[in-house]
Amino acid sequence: MFADYNRLNTFTCQSIFPLVHHTVPMIKCVARVPVDLLTIQPPEPEPVPIDVSGHLMLRDNTYTAFQSLFFQLTNTELRYSFEGNLRGIIRLSDILIVQPHASPTVAWGIELVTRNHTWVIAAHNEEDCGRWVDAICHQVPFEAVGVMYKRMLQLAGADRPNEVRLVLLPSYTVAEAVARILECYACKLDAIVLHPYDPTDYVLQVTDMTTIVLDDMEALLGSYDHIQFCLANKAVLRLTIVHPDDERRRG
């Protein structure tokens, strides 16, 4: 197993993305092991209700010029409307990156990038921009927050108890990736001890912009379009180890 592992001679199991200088393309990944494998069940985090709203300027693939729209941010989505009519919804789970807009002609601009769409929203002043940046960056996944905003807000990634950060090779099969994730989780300093398990009992599910299941255990990770997209865009891939039975799929 892991025929390509010897090419990553500096890679070890650890809970952060290792710094490996190598020409082999690697997939940055945040993966979750099944909660029912944990010998200690952590308490579920209480969701904090959020309701941030106000007028912002919007420009995207549809609005080539800035439009003034009313925005409302919740725990799961960013809605925008005009005169009470809903114009669109941005799902926070779809956002790959939140970063400052690069154009110097747009003051207080925030860029929201998904796989198929880019939105630029602009606040009316610096204080309002800071309010929206803080609210959005605390709702999207940590990996989706741009470096500048992470530094500005002094954000630190807070992994779930069943999560591990690692890199995978596109030449790994799905079966090898499952085993690798479980091995790396067990190597975490703060890992919860797992119940006995058989890696062959599980498959992988992509849990970022899509929920596709990788259940062909001999298929290479690099053969999937979504993983190729993550490689090309240096995006973090989010995976969950699940049972093949649909009724038991969970993070």
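What share of the contacts in the chain between residues at least 6 apart in sequence join residues at least 24 apart? The share is 58%, where contact means heavy atoms within 4.5 Å. This is a predicted model, in which local features need pLDDT of at least 70 and side-chain atom pairs count only at pLDDT 80 or more, while totals for chains, interfaces and linings use all residues. Residues are numbered from 1 along each chain as its sequence is written, and side-chain values use heavy atoms, with hydrogens and water left out.

**Overall make-up**

- The chain has four helices and 12 strands; helices (H or I, at least four residues) and strands (E, at least two) are DSSP runs, numbered from the N terminus.
- Of the 251 residues in the chain, 45% are buried; buried means under 20% relative accessible area, exposed over 50%, and partly exposed in between, with a 1.4 Å probe and protein chains only.

**The seven-stranded sheet**

- Seven strands form an open, antiparallel sheet in the order β5-β4-β3-β2-β8-β7-β6; two strands pair if DSSP finds at least two bridges between them.
- The edge strands, each pairing on one side only, are β5 (85-91) and β6 (97-100).
- From one strand to the next, the twist averages 35 degrees; axes are lines fitted to C-alpha atoms, for helices over the stretch in contact, and angles run from 0 to 180 degrees between N-to-C directions.
- Helix α1 (residues 126-137) packs on this sheet, where it touches β2 (52-59), β3 (67-73), β4 (77-82), β6, β7 and β8. The direction of α1 makes about 100 degrees with that of β2.
- Five bridges join β7 (residues 109-113) and β8 (residues 118-122) in the antiparallel sense, and Ile-110 has Ile-121 in β8 as its bridge partner.

**The five-stranded sheet**

- The order of this open sheet is β9-β1-β12-β10-β11, and its pairing is mixed.
- Its edge strands are β9 (163-168) and β11 (213-214), each pairing on one side only.
- Strand β1 (residues 27-32) runs parallel to β12 (residues 237-242), with four bridges between them. With β9, β1 pairs in the antiparallel sense over six bridges.
- Cys-29 has Leu-237 in β12 as a bridge partner and stands opposite Leu-166 in β9.
- Five of the six residues of β1 are buried, so β1 is largely enclosed by the rest of the structure.
- Strand β10 pairs in the antiparallel sense with β12 over four bridges and with β11 over two bridges.
- Leu-204 has two bridge partners named here: Ile-241 in β12 and Leu-214 in β11.
- In a regular strand the side chains alternate between the two faces of the sheet. Both faces of β10 are covered, with Val-203 and Gln-205 buried on one side and Leu-204 and Val-206 buried on the other.
- Helix α3 (residues 174-187) lies across β1, β9, β10 (203-206), β11 and β12, at about 130 degrees to β9.
- Helix α4 (residues 225-233) also packs on the sheet, touching β1, β10, β11 and β12, and its direction makes about 145 degrees with that of β12.

**Nonpolar cores**

- A nonpolar core is a set of buried Ala, Val, Leu, Ile, Met, Phe, Trp, Tyr and Cys residues joined through side-chain atoms within 4.5 Å.
- The largest core has 37 residues, and those with the most contacts inside it are Leu-168, Ile-181, Leu-204, Leu-221 and Leu-239.
- Elements giving two or more residues to this core are β1, β9, α3, β10, α4 and β12; α3 supplies the largest share, seven residues.
- Leaving out residues up to four places away in sequence, Ile-181 touches Ala-31, Val-33, Val-164, Leu-166, Leu-168, Leu-204, Leu-239 and Ile-241.
- Another core, of 28 residues, lies apart from the largest one and includes Val-52, Tyr-80, Val-133 and Val-145.

**Confidence**

- The average pLDDT of the chain is 84, and 83% of the residues score at least 70; pLDDT is the predictor's confidence in each residue, from 0 to 100.
- Confidence is lowest in helix α2 (residues 147-153), at a mean of 86, and highest in α3, at 96.
- Over residues 1-12 pLDDT stays under 50, and the model has 25 contacts beyond four places in sequence for them.
- Over residues 247-251 pLDDT also stays under 50, with 16 such contacts beyond four places in sequence.
- Where pLDDT is low, the predicted coordinates should not be read in detail.
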